[in-house]
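Please work through the following exercises with the sequence and the model at hand. Each task is followed by a solution in steps.

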Amino acid sequence: MENLKNNEEIKLFQEYLRIPSVHPNIDYEPCIKFLSRQAESLQLPYKIIHFDESLKTPIFIASWIGSNPELPSILVNSHMDVVPVFEDKWTHPPFAADIDAEGRIFARGAQDCKCVGMQYFAAIRSLKKSNIQIKRTLHVLFVPDEETSGEYGMYKFSRSKDFRDLNVGFALDEGSAADNDEFVAYYAERSIWQINFKFNGPAGHGSILMDNTSGEKLANFLNKIISFRSAETKRLKTNSDLKGGDVTSINLTMLKGGVLPNIIPNQLEACFDIRIAVDVDLKEFEQLLQKWCAEVGGDIEWEWIFRCDTAPPTKVDQTNPFWVAIQHTFNKMNLVLEAHVCMGGTDIQFLRELGVPSIGFSPMNNTPKLIHDHDENIKADIYLRGIEIYSQILKELLNL
């Protein structure tokens, strides 16, 4: 255990985790200063980009220049921001990066996704020590705002001249933990629709059985949602070939309305988080939602909270030389890698929209999935093994 605590890569990881870059109102400056020191220690040129100084959402990018910089580059991305914590639910302070007797490092961001950002730098350090020569240029990107849609981070950056100047040919971003021996690579993401439905109806005294009330419409609409949701759940449970990202999920996330217990409200609101499978026709799915609204009585308003339609999936076959290189790495290391559709949403979606082949990957197997959960942690030996895996992946990709 003392060896782990004294490991220099572990110490750097802990230092990064101890920066509380937590929503809301994040001060990213400590992250930027820390990342600048890392780039300088590796002799990597870097730049800090501000699209709007008032937003205080800086983007950090360091570059390892290859011998053939005219070749399309490799981009590896991670985000600096982390989600809020409920400290009373944690067994260790969420920004202390404590290591317990089992070698687990506890901190918000340990899995999502400060781990991969530091593993990128650690892999570069390892490769440089081996005096490897690289053909392609590697760009290491750290963005803000991923946990709140990415609008002021990866979205703005990916649509900028700064991004176009990088000539990116392939990108890696975060993935998630796997609780078995296998590793998971994500080649696509489901469409994300977050819709607030406003159910309108007549108002009146709570003792009257009125027709087409907002509550009646909401209840009937929920019945349709639950029926659809149950069918998707059954498909997932009865077909072993399907994974969580292969079906459509719908979850009620917010309810709002009413003024007094004895007044029938003229409007009730219900917000749903919908993740639509990549093989579903989005136009047909929207028509299905419209049909349900009409069938429960109509006069229902839609308020789009967020909409991100799925980008074209990245090919995970022999036609994609970058995927072939990654698979070759895993074969050499006698590790198993599976290709899945991601259940959630990440910044990599913005790159796929631009036609950049991209894979989401975090080298965490035999690890419980604790992204956004209490007591988020990663074992130190899993973290160090991840550095080795990234080193081998980058060695292959940068010399294609």
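The exercises below treat a helix, a helix pair, a sheet and a single residue.

The model is predicted, so local features need pLDDT of at least 70 and side-chain atom pairs count only at pLDDT 80 or more, while totals for chains, interfaces and linings use all residues. Residues are numbered from 1 along each chain as its sequence is written, and side-chain values use heavy atoms, with hydrogens and water left out.

**Exercise 1.** Determine which residues of helix α5 are buried, and what covers them.

*Solution.* Step 1: helices are DSSP runs of H or I with at least four residues, strands are runs of E with at least two, and both are numbered from the N terminus. Step 2: buried means under 20% relative accessible area with a 1.4 Å probe, protein chains only. In α5 (residues 151–158), Gly153, Met154, Phe157 and Ser158 are buried. Because these residues cover an arc of only 95° around the axis (taken from the directions from the helix axis to the C-beta atoms), they lie on the same side of α5. Step 3: the cover includes β1 (46–49), β2 (59–64), β3 (73–79), β6 (138–143), α6 (161–164) and α10 (348–353).

**Exercise 2.** Describe how helices α7 and α8 pack.

*Solution.* Step 1: axes are lines fitted to C-alpha atoms, for helices over the stretch in contact, and angles run from 0 to 180 degrees between N-to-C directions. Helix α7 (residues 214–238) makes an angle of about 140° with helix α8 (residues 282–295), and their axes are 9 Å apart. Step 2: the angle makes α7 oblique to α8, since angles under 35 degrees count as roughly parallel, over 145 as roughly antiparallel, 65 to 115 as roughly perpendicular and the rest as oblique. Step 3: contact means heavy atoms within 4.5 Å. On α7, Phe221, Lys224, Ile225 and Phe228 meet residues of α8 that include Phe285, Leu288 and Trp292.

**Exercise 3.** Give the strand order of the open sheet and identify its edges.

*Solution.* Step 1: two strands pair if DSSP finds at least two bridges between them. The 8 strands follow the order β1-β2-β6-β3-β7-β16-β8-β15, with mixed pairing. Step 2: β1 and β15 (337–342) are the edges; each has a single partner strand, so one side of each is left without a neighbour in the sheet. Step 3: β1 and β2 run antiparallel and are joined by 4 bridges. Phe60 in β2 is the bridge partner of Ile48.

**Exercise 4.** Is Ile195 buried or exposed, and which residues does it touch?

*Solution.* Step 1: Ile195 belongs to strand β9 (residues 191–200). Step 2: Ile195 counts as buried because its relative accessibility is 0%. Step 3: leaving aside residues up to four places away in sequence, Ile195 touches Ala270, Cys271, Phe272, Ile274, Leu289, Trp302, Glu303 and Trp304.

How values were computed:
Buried < 20%, exposed > 50% of the residue type's maximum accessible area, 1.4 Å probe, protein only.
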